[in-house]
Amino acid sequence: MKAAGLGLAAAPALAACGRGFGGDDDSGDGVTLNMVWWGDAARAEKTQAALDLFMERNEGVAIEVEYQDSGPYQDKLATRFAAGDAPDLMAMRMDSLREYADRGALLDLGEYEGDLDLSGLSDSAATLAAVGDSVFGVPAGLNTIGFVVRKDLAEQYGADIPDGDTWGWDDLAAFAQTVSDASGGEVYGTGFDAQTLANIVVYCRQQGEDFFTEAGELGISAATVQSWFELIDGMRRSGAYPPAGFFEEIGGGPDQSYIAQGKLASQIIPTNNFLGYNAACGGSLALLRIPGETRSVRRGQSVDCPHLWSVASASKHPEEAVKLLEFLTNDPEASLATGTTRGVPANADVAEEIKPSLEPDDQLATEYLMALQEEELPRSYTYPPGGSAIADVLDVIAVEVEFGRTTPADGAAQFIAEAEGALAG
Amino acid sequence: MTASAAEAAVMPEAVRPPAPLRGRRRARRDRAGYLFLLPWFIGMLFTIVPFFASLYLAFTDYDLLTPPEWIGLENFTAMFSDPALLQSLKVTFVYTFVSVPLSLAAALGVAMMLNRGIRGLPWYRAVFYLPSLLGASVAVVLLWRYVFGLDGIVNAFLGRFGVEAIAWTSDPDYALTTLIILHIWTFGSPMVIFLAGLRQIPVMYYEAAAVDGASRWRRFRSITLPLLSPIIFFNLIQSLIASFQTFTQGFVMNNGGGGPANSTLFYNLYLYQQGFNQFNMGYASAMAWTLLVIIAAFTALTFISAKYWVNYDN
């Protein structure tokens, strides 16, 4: 629901110093940082609590916050850079990182090693925004994708939920078939988007390929794209997966999701949304890993982040911006205030420390992610410039395949050709 | 002042030149006019600069983050080999050439219905006008998604006649049709203009025709259409220009993507994606100017054709 809530809220910039010495305004040595991000009012409240703490500890630094919905945020950020009015600290999408970084718009945080300690982050987390020898962002939090299954529906239709750590794609198909058949088409056993990049990326990694390579090229083969389309197509034909056109842009949150409506028995979600989905499903969800993790060429899942924090290279106050970033990343009190609104804290010790303060469902999702981080996972490389266009290409072709306007094989070949064209352009 | 007063005293009424006082009065009157125009002039400043900036950017490679680089006509030549752009043109043309005539016909039909001197006309007029106020708004497009959803009203209705549920918004074969229906539904503003036009047609023509035994269709063809043609012309130009610039419907219907399978990728939506998602602002500017040329060409064609069918009766 990108278009909703265009509201731009600017929290009042609290003037630094007070205590009645002279009552000067902050034009002297005061520093005002401009910080922008996307999200809703609940996230704003939590963020502001952390920022208030920072300002309390750092007299002379004021923080001016602007936030809005993610769609308009993206436009506004690009426009502000174009106008030479870049914010100091900003939320950065993973797929936009290199669009900005490769054009010199972002500060290399590697040069602030002394002020910004990233040693508490797992390798998977610390390298998310690494490009060559430089680091252009710090994960604002961590998440990944997980498979959620409605335990109540599984029981009702007599389908055993497979072991979530070791199940394979065929187990998923069998489970889903049982549910669909037993429900007489009322409930589909599973349903997840073929065109969501995060999904196909995991599948691709399982086959031993990198979706994006270290050199910033497309690493997935046509054969893998084809087998991904065929995997879903097969389930669609057998009725385990909903028919073409079933998924509509219904918008809204977990409450309106198909799994909460009881039309699907399982789907893929970002793990940081587990709390919301489980609440919407009356607490009946089990959180499983993506199928095929232990049965394929290699591990496919990876640690991801809802967004990064980046600092503009044009910032007039890089020291203060980095200091705020250090606070948000490594100070447990900052994370106690923000909770998991942007995913699990990137610093593993901090995440461990705040875990008891979280709701049980959030703790479960946090444990899921922490366990994943401790395992050896192949490194993932971020989107190259032009990479965000690939999501559009995949979206078009996946729908063509869904409606049988093209075959999985032709669609896969077309995808490779167009995606490579998008990266080269 | 005194000089002119003296002049006036000696000159006969007839040859007296326009008095300076009159000129001043005119200046004062003009000043009021300019004053009323002032907001527009100020607004113009904000338009004219981006206007010419985008003309310049159309000839550059500009990614918003680094300074624009002059590349001549490259953006324009690249358009011919961009399949997504050609798709967006196709979507926009189909949308325009189907929805504009149909919505004008609907507007005229309803206007004629309301022109029969029914009671409570203002109320009906407002009710029929309402959708146009809402039509392009986000809320209505969202509502529309539910009306045309798989479990929506339309499918429930068609289901009674044994028609299988159609994925109106997520099937690439139907998504654009759904948006065209939405557009036709928002016929309110041409309808109000038609209604005003219909009321200008003197009733005596119809009375005379009725006395001569002209059929209802005959009266429509020979009286209503010719006398209304300037208004049809105006509405046609307005709708055509607006339709070429459609954005919101495609943006909201599928979360900014123009999906399913680019079947609702309007030209302006693709322009926006290029400018803000792909950081190709130079290309987006070139697209904007191309659209201006396309709109200008179709408007000119309509004006030329007007000679043959618009009747400015004197």
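**Entry 1**

I began with A:E99, which is buried at a relative accessible area of 3%, where buried means under 20% relative accessible area, exposed over 50% and partly exposed in between, with a 1.4 Å probe and protein chains only. I note that this is a predicted model, in which local features need pLDDT of at least 70, side-chain atom pairs count only at pLDDT 80 or more, and totals for chains, interfaces and linings use all residues. Side-chain values use heavy atoms, without hydrogens and water, while residues are numbered from 1 along each chain as its sequence is written and chains are lettered from A in the order in which they are written.

Which residue meets the side chain of A:E99 in a salt bridge? I found A:R103, at 3.2 Å from N to O, the term standing for a side-chain nitrogen of Lys or Arg within 4 Å of a carboxyl oxygen of Asp or Glu. A:R103 itself is partly exposed, at 25% relative accessibility.

I then looked up A:R93 and A:D95, whose side chains meet in a salt bridge of 2.8 Å, N to O; A:D95 is buried with a relative accessible area of 13%, whereas A:R93 is partly exposed at 27%. I also traced a network of salt bridges that links A:D165, A:R289, A:E293, A:R299 and A:E375, and I recorded 24 salt bridges over all chains.

**Entry 2: A:E400**

I located A:E400 in helix α15 of chain A, residues 388-402, helices being DSSP runs of H or I with at least four residues and strands runs of E with at least two, numbered from the N terminus. At 18% relative accessibility A:E400 counts as buried, and its salt bridge to A:R405 has the closest N and O atoms 3.6 Å apart; A:R405 is partly exposed, at 38%. Leaving aside neighbours within four places in sequence, I find A:E400 in contact (heavy atoms within 4.5 Å) with A:R405, A:T406 and, from chain B, B:A261.

**Entry 3: helix α6 of chain A**

I took the span of α6(A), residues 169-183: its 15 residues reach 21 Å from the first C-alpha to the last, close to the 21 Å expected at 1.5 Å a residue, the expected span being 1.5 Å times one less than the number of residues. The buried residues of α6(A) are A:W169, A:L172, A:F175, A:A176, A:V179, A:S180 and A:S183. They lie on the same side of α6(A) because they cover an arc of only 130° around the axis, the arc being that of the directions from the helix axis to the C-beta atoms.

What covers these buried residues? I list β8 (145-150), α5 (151-156), α7 (197-206), α8 (222-238) and β9 (266-270) of chain A as included in the cover. On the face turned away from the buried side I see the exposed residues A:D170 and A:D181, and after α6(A) comes A:G184, with a positive phi near 65°.

**Entry 4: chain B as a whole**

I counted 14 helices and 2 strands in chain B, whose C-alpha atoms fill a box of roughly 90 × 70 × 35 Å along the principal axes. Chain B has a radius of gyration of 27 Å, whereas a compact globule of 314 residues would have one near 20 Å; the radius is taken over C-alpha atoms, and the globule rule is 2.2 Å times the number of residues to the power 0.38. Of its 314 residues, 39% count as buried. Among contacts in chain B between residues at least 6 apart in sequence, 67% join residues at least 24 apart.
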